[in-house]
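Keep the structure open while you read.

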Amino acid sequence: MNTQTLTSPVVASLVSDHERVRTLPRHFGSQLLEAETTIFAWLRELSADYEGAYWHFYELSNGGFYMAPDVSEPFRIEVMGNGYRGRMSADAAGITACLFAYSHLSFRFRDGPFGDHYAWLLDFAADHAEAAVILAATD
């Protein structure tokens, strides 16, 4: 007999301006600055198109979090480690930068929240409209 576990898709909710100040400490505690600056640095590394921007914060229904720049044009993304080259929306680029940052930080802070955040965001990314490009870039 074939059985499947039915699960709800992971949903992202935009963090309101009023809640932004509490969001990073809630997810990353004392490592909040490491998280934010590493995410910015990863997008700068992945895309020559990134020149700074206001970033939206999103909380995920599974406990996760990601940030994405408020930019309307797609980003050209190039990943030296796996040969990926492509274009993706700012939302997908933010998810990609966060996945790289969380992975990197999970090795630096082994007891920190980053491994969990990587797994939670990967669950969300798998059902994202641009899942194929996000997963190709992070593979």
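The model is predicted.

## Helices α1 and α2

Two packed helices are described by the angle between their axes and the distance between the axes. Helix α1 covers residues 20-28, and helix α2 covers residues 32-46. Their axes lie 8 Å apart, at an angle of about 105 degrees. Angles of 65 to 115 degrees count as roughly perpendicular, so α1 and α2 are roughly perpendicular to each other.

On the α1 side, the contact is made by Leu24, Pro25 and Phe28. On the α2 side, Leu32, Ala35 and Glu36 take part. By class, the contact has five nonpolar residues, no polar ones and one charged one. Glu36 belongs to the charged class.

## Helices α3 and α4

Helix α3 spans residues 90-108, and helix α4 spans residues 114-125. The two axes come within 8 Å and cross at roughly 155 degrees. An angle over 145 degrees counts as roughly antiparallel, so α3 is roughly antiparallel to α4. The crossing of α3 and α4 is left-handed.

From α3, the contact uses Ile95, Cys98, Leu99, Tyr102, Ser103, Leu105 and Ser106. From α4, they meet Phe114, Gly115, His117, Tyr118, Leu121, Leu122, Phe124 and Ala125. The contact of α3 with α4 has eleven nonpolar and four polar residues, with no charged residues.

## Helices α3 and α5

Helix α3 also packs with helix α5, residues 131-138. Here the angle is about 30 degrees, and the axes are 10 Å apart. Angles under 35 degrees count as roughly parallel, so α3 and α5 are roughly parallel to each other. α3 passes α5 in a right-handed crossing.

Ala92, Ile95, Thr96, Leu99 and Phe100 contribute from α3. Ile134, Ala137 and Thr138 contribute from α5. This contact divides into six nonpolar and two polar residues, with no charged residues.

Is Thr96 buried or exposed? Thr96 sits in helix α3. Its relative accessibility is 0%. Buried means under 20%, so Thr96 counts as buried. Beyond its neighbours within four places in sequence, Thr96 is in contact with Leu46, Met88, Ile134, Ala137 and Thr138.

Thr23 is found in helix α1. Thr23 is likewise buried, at 0% relative accessibility. A polar atom of the Thr23 side chain lies 2.9 Å from the backbone oxygen of Glu19. Leaving aside neighbours within four places in sequence, Thr23 is in contact with Val15, Phe57, Glu59 and Phe65.

## A serine in a loop

Where is Ser72 found? Ser72 is in the loop between β3 (65-69) and β4 (75-79). Its relative accessible area is 72%. Exposed means over 50%, so Ser72 is exposed.

Which serine is 17 residues from Ser72 along the chain? That residue is Ser89. The C-alpha atoms of Ser72 and Ser89 are separated by 7.7 Å.

Methods. Residues numbered from 1 in each chain as written. Predicted model: local features only at pLDDT ≥ 70, side-chain atom pairs only at ≥ 80, totals over all residues. Heavy atoms only, no water. Axes fitted to C-alpha atoms, helices over the stretch in contact; angles between N-to-C directions. Helix = DSSP H or I, 4+ residues; strand = E, 2+ residues; numbered from the N terminus. Contact = heavy atoms within 4.5 Å. Left-handed = near helix turned anticlockwise from the far one by under 90°. Buried < 20%, exposed > 50% of the residue type's maximum accessible area, 1.4 Å probe, protein only. Polar contact = N/O pair within 3.5 Å; in protein donor to acceptor, adjacent residues only side chain to side chain.
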